[in-house]
Amino acid sequence: MNHRLLSRALATGLGLAAAVCAAADQPLTTLPYTPGLDVSSMDTRAAPCEDFYQYACGGWMQRNPIPPDQARWDVYSKLADENKRYLWGILEGLAGQADGRTPAQQQIGDLYASCMDETAVQARGTAPLAPWRERIAGMRSLKDLPGVLAAMHLSVAGGAPFAFDQNPDFGDSSRAIGFVMAGGLSLPDRDDYLSSEPRMREMRARFVAHVARMFELDGMPAPRAGQAAMTVLSIESELAAAMLTRVQQREPSRLHHVMDLAGLQRLAPHIDWAGYFQALGAPAQRVVNVTEPAFLRALDAALARRPLAEWQTYLHWHALHALADKLPRAFDEEHFAFFSQALRGVPQPPPRWRRCVNVVDALLGDALGQEFVRRTFGPEQKRATERMAAQIEQAMARRIQALDWMTPATKARALEKLSAVVNKVGYPDRWIDYASVRIARDDFAGNVRRATEFDSRRELAKIGKPVDRVEWSMTPPTVNAYYNPQGNDINFPAGVLQPPLYDPKMDAGPNYGNTGGTIGHELIHGFDDEGRQFDARGNLRNWWTPRDEAAFNERAQCLVDQYAQYPVVDDIRINSRLTLGEDLADLGGLVLALMAWQAEVGEQATATQPLRDGLTPLQRFFVGFAQWACENTRPEELRIHARVDPHSPGRWRVNGLVVNLPEFQQAFACRTGQPMAPARRCRVW
């Protein structure tokens, strides 16, 4: 579709979206039902062999304009919105309940209530910022830097000018060690600071104006605020120039630099690392992993060269930036005007309730998740998902054994890794206990600070201990899933196992196409260009023979070449080196889902009768698969997406796959040479 027409269509749809949102802006007491294959979401006027995405999703795109508080709108975000509205109803009830609440219910109810109390937030003024402003202004030399950074990293701004956290050691995934990581930027990507494109230069100018206005709101005189904003841009640009690109960050070996504390001190001598770790309260540690040594060297050089006053300005900005939504309305509105309106094209801010649900989910997610799971996710859903995951893994085993390009030695290692995969479905076996977090109904900023510090200290306490293989990195209501290469586990929260993504009322085809494709997608991540470099135990180790590695790379290059041709917006095309891992997972996952479905239904997989909704069983599989990706996205968001998102746009996550599957071409009787039936196909797994 012509992008100028797309922009016009989206702009035209805003009135409808605003009306729909206004009508629906109320909490839910039950989750609404949308079928796993929705015929009304299709555009049957489109020819499936010409543009399958339009055929499967054209009706959905027409009926689902982007809400005015969103940068994009898709099936996932629509389900996530429904989950949040349901959580909104739970939290409204708990916030208004005086008696009979459990301690955890009291915490999540009161945190939500404190967030919703805009009058109290307004009355507190800049009090949440004042201690940070004063502490930063009180610095007298770089000797004061470790204590200030540690305090900020614990509770307010965790990534400026670097980040510190724990992760499994790449070389020994059984132990957790400290990771020192590049950080300190405000804009989405390093290239936002470095590109000479006119649009990027204009956005940097708007960023400087935004930073200056924020400083002015905090009482800084206008001329000084303008100079301070230029200092922020200068420092962040210098940091950006030293960072790896997002494509480079996809190579795990580039991020694996374990050294002892003496080595860390030699690498960046202008930071008192022992003092920083002590102020942080981190456990004693013998080694750390520095993901980007060149960045740390550049940071150290900047610390030595730049006056202390510039670093105070930079830290003041990051405290102000992090706390913007806990300050009076003028700060929040200015923050939205730049980071949502200017950067992403979002016309209006989200309603307060949505932001407050997100806060509770982010800070007390396991407590909120228990309320969600208890009401929405039964043992039948868990068993059905686990059964489907087992079928997908059996299909993967068959694919590995049948590969003609992989040698027996590497096949054995691949099967070993496959057999070690752990599937986590619905919710964790052990919940986080937030009992020590003090939540006060009248102190929103304080609640956020205390809950953030609790989580920071909980994470730091893992350093030097065996890795907890049970813990999750997503909360149960989340509409997403992930593969963890160092744990060799796949995680499917309860939130993503709701209709229309998983529909227990639906026939097998759409469910295997949708949820089966998601399970296969996450499984393939263990064998994509990045995940394949980790072994069955999650250690960074090359278990491939040179011949197999070359064969894999040759087949992956086919996808790189294919996706590099696809447009995103304007004259921007997909950065297919950045999206390779997701593109591999999309294609491989769909292949596995198709195999599992065929094994499940047997002869029905090739049946042409009876039709359901005018579709054969195989056609239903493919339409069900495609409809998870229906979406509308603002042009501004697409431009950011092209630079920072490792996922291809939804259109190409559908059309880019089916062109490689002869089963699709058979299902819809496509002729070779039609857009969805090219002569050349890509296939890895």
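**Cores, strands and turns in a predicted model**

Let me start with D613. It is partly exposed, with a relative accessible area of 47%. On this scale, buried means under 20% relative accessible area, exposed means over 50%, and partly exposed is in between, using a 1.4 Å probe and protein chains only. D613 has a positive phi of about 55°, although it is not a glycine. D613 sits in the loop between helix 23 and helix 24. Helices (H or I, at least four residues) and strands (E, at least two) are DSSP runs, numbered from the N terminus.

A word on the source. This is a predicted model, where local features need pLDDT of at least 70 and side-chain atom pairs count only at pLDDT 80 or more, while totals for chains, interfaces and linings use all residues. Residues are numbered from 1 along each chain as its sequence is written, and side-chain values use heavy atoms, with hydrogens and water left out.

Back to that loop. P610 is in the loop between helix 23 and helix 24 (617–626). The peptide bond joining Q609 and P610 is cis, with omega about -5°. There is also a cis bond from A160 to P161, with omega near -5°. P161 lies in the loop between helix 7 (145–155) and strand 2 (162–168). As background, most residues other than glycine have a negative phi, and most peptide bonds are trans.

Now the cores. A nonpolar core is a set of buried Ala, Val, Leu, Ile, Met, Phe, Trp, Tyr and Cys residues joined through side-chain atoms within 4.5 Å. The largest has 133 residues, and F52, F622, F668 and W685 have the most contacts inside it. Helix 23 (residues 580–601) gives the most to this core: 13 residues. A second, separate core has 72 residues, including W132, I235, A302 and A324.

Which residues does W685 touch, leaving aside neighbours within four places in sequence? Among them are M396, R399, W405, F527, W544 and V591. Contact here means heavy atoms within 4.5 Å.

F52 brings us to helix 2 (residues 52–63), which is mostly covered, with 9 of its 12 residues buried. Those buried residues include F52, Y53, Y55, W60 and M61. They pack against strand 1 (72–74), helix 3 (75–95), helix 24, strand 11 (631–633), helix 26 (650–658) and helix 27 (662–667).

Next, strand 8. Is strand 8 largely enclosed or open? It is largely enclosed by the rest of the structure, because 5 of its 5 residues are buried. D489, N491 and P493 point one way, I490 and F492 the other.

Two strands pair if DSSP finds at least two bridges between them. Strand 6 (422–426) pairs with strand 8 in the parallel sense over 5 bridges. The bridge partner of G426 in strand 8 is P493. Strand 7 pairs with strand 8 in the antiparallel sense over 3 bridges, and N484 is bridged to D489. Strands 7 and 8 form a hairpin with 4 residues between them, and N488 in the turn has a positive phi of about 50°. N488 counts as buried, at 1% relative accessibility.

Strand 5 (residues 287–290) is covered on both faces: V287 and N289 on one side, V288 and V290 on the other, all buried. Strand 3 (residues 176–182) pairs with strand 5 in the parallel sense over 3 bridges, with F179 opposite N289. Strand 4 (residues 258–260) runs antiparallel to strand 5, also joined by 3 bridges. There D260 has V287 as its bridge partner.

How many cavities of 30 Å³ or more does the structure hold? There are 4. On a 1 Å grid over the protein atoms alone, a cavity is a set of points where a 1.4 Å probe fits but cannot get out, and lining residues have an atom within 4 Å of a point. Points are joined across faces, edges and corners, and volume is the space filled by probe spheres set on them. The largest cavity is about 60 Å³. Its lining includes S114, R124, K326, R441 and D443. Helix 5 gives the most to that lining, with 3 residues.

Terms used: On a 1 Å grid over the protein atoms alone, a cavity is a set of points where a 1.4 Å probe fits but cannot get out, and a pocket is an open set with protein on both sides within 12 Å along at least five of seven lines; lining residues have an atom within 4 Å of a point.
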